[in-house]
Amino acid sequence: MRIAVVPEAASAGEERVPARIRAFVWLFLAAFALCGFAKIEAWPLTGWRLFSELRHERTISWRAMGVSGSGAEARFSFGDLPAGYHWGANLLSAFASMPASEQTAVCDAWTHAARGRGLDVAAIRVYRLERVVSDRVGSRGAPEEAATLMFTCGDGSIRAEASGG
Amino acid sequence: MGSRVERWIFAAGAPERLAALRIGLCAVLTWRLTRGVFVDLAGQPAELFRPRSFMNLLSSQPDRGIVIVIQIAGIAAGALATVGLFARATLPVAWVAGMLLNGMVTSNGKIMHNDVMLLLCLVPLLIAPIGDAWSLDARRKGRTASASVRYGWPVRTAMLVVVGAYFFTGFAKLVTSGPAWATSSNMRWVLYLSSDSQASPNPFALFVADRAWLAHIVAAGTLLIELSFPLVLWKTKLRVPYALGAAGLHGGIWLAMRLDYFAMAATAVIVLIDWPAVLSRGRNARGGRPGPRPLSNFEPFSRAGSESPAGDG
């Protein structure tokens, strides 16, 4: 099926897009392309790094465990906190690279929110987990090979438990 | 080359094609603004705020009351822009609301791309005559628009954004990881990790991850679609398959990884497909009256500014 086409040359010859709009379009497209090629993040302009990094068979991840007043340890789930805290996993994965003051502030925010929900959380322990993704148990990944306690924090203090990571 | 691109971008276009973009993109933006995530984030303590870009102007997420006002204003403005009532004023309001609210979402320690392509495709529409066809504005003023250079560039600029978004997504994979992104077991590990992070094992992710050959095909296919996306600028017949391919890609990601890229998929489909032509064909096929007017946004990149005898698709 053929679609009729407007006689472009005629209309384009008679009228022209104003220079200010042309400049706007070129500037916008140049910024868009620059961020794309150079992988610059200036949101909403972006380097489009969606799953661009290779995942390996051996992976590192992070887990937070809550420590009760009696010393018992249980999984610290951000899903149990108010909705504004549900992105905690993003900060947890960057926790080791934060300055100590930032780690303390973030950890205090988590513990206070947990207590606000009636949870018995005296401190939070941050573990570094190593797992081999290909190790499977049924339809689930096998438990981690190693869990290293890296930090213990809460009530305005933080203690580094292990070096590296 | 530069002048050919210039001619292509700023060639004449049909007002209905621009109107279709306004209706589609504004409808998606309005729907995305109804999400509850923005109010959820308003209660977040400042210690957890990781601002990005313009959000660095703030010391924390905005207060709940402010967020609700922005959200209501954005939804109302988006709905009005969709139907084309005071569209040139209401679209910028909806877009600014979208920027602020999605800026909140991306200020949580991870850059979020879900709504970026939608917001970027709307940028050219902010200063375009978007209310001249298929709008209450046009009906109110009794105006009928005809093809003009005023209506072509917003559509083609949005098209370049869609093409660029997918191309750069593939480009980033290639530059960062090289061919190993597809030739190694990368895709299997991605899918296993995703399934393991979900409340219950994901059968779609596991189906692919358990079959190395299938994981390679999925990875190579993804990379191929992304890197070859610019072909749609030259081959107009590829626009519909690529739009549907992109939608399929995002649909697959949602099934296997539960990641919501609906806005990106919808934007690709809205921008790449010539909806007035589709309507016109539908009417012709039913033996009804022909479409609203001739169409001009179908021309390929290589014919920019020429008097092509016929479009294709």
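The following dialogue examines how several features of this predicted model are classified.

Tutor: Local features need pLDDT of at least 70, side-chain atom pairs count only at pLDDT 80 or more, and totals for chains, interfaces and linings use all residues. Residues are numbered from 1 along each chain as its sequence is written, chains are lettered from A and ligands numbered from 1 in the order in which they are written, and side-chain values use heavy atoms, leaving out hydrogens and water.

Student: Why is the pair of B:Tyr166 and B:Phe229 called stacked?

Tutor: Rings of Phe, Tyr and Trp (its six-membered ring) pair if their centres lie within 6.5 Å, and planes under 30 degrees apart count as stacked, over 60 as edge-to-face and the rest as tilted. Here the centres are 4.5 Å apart with 15° between the planes, hence a stacked pair.

Student: What makes this pair a tie between parts apart in sequence?

Tutor: B:Tyr166 lies in helix H8 of chain B and B:Phe229 in the loop between helices H12 (212-227) and H13 (231-234) of chain B, so the pair ties together parts that are 63 residues apart in sequence.

Student: Why are B:Trp189 and B:Tyr192 also classed as stacked?

Tutor: Their ring centres are 6.3 Å apart and their planes at 25°, so the pair is stacked. Both residues lie in helix H10 (residues 186-197) of chain B, three residues apart.

Student: What makes B:Arg211 a charge over the ring of B:Phe207?

Tutor: The criterion is NZ of Lys or CZ of Arg within 6 Å of the ring centre and within 35 degrees of the ring normal. B:Arg211 lies over the face of B:Phe207, at 3.9 Å from the ring centre.

Definitions and conventions. Helix = DSSP H or I, 4+ residues; strand = E, 2+ residues; numbered from the N terminus.
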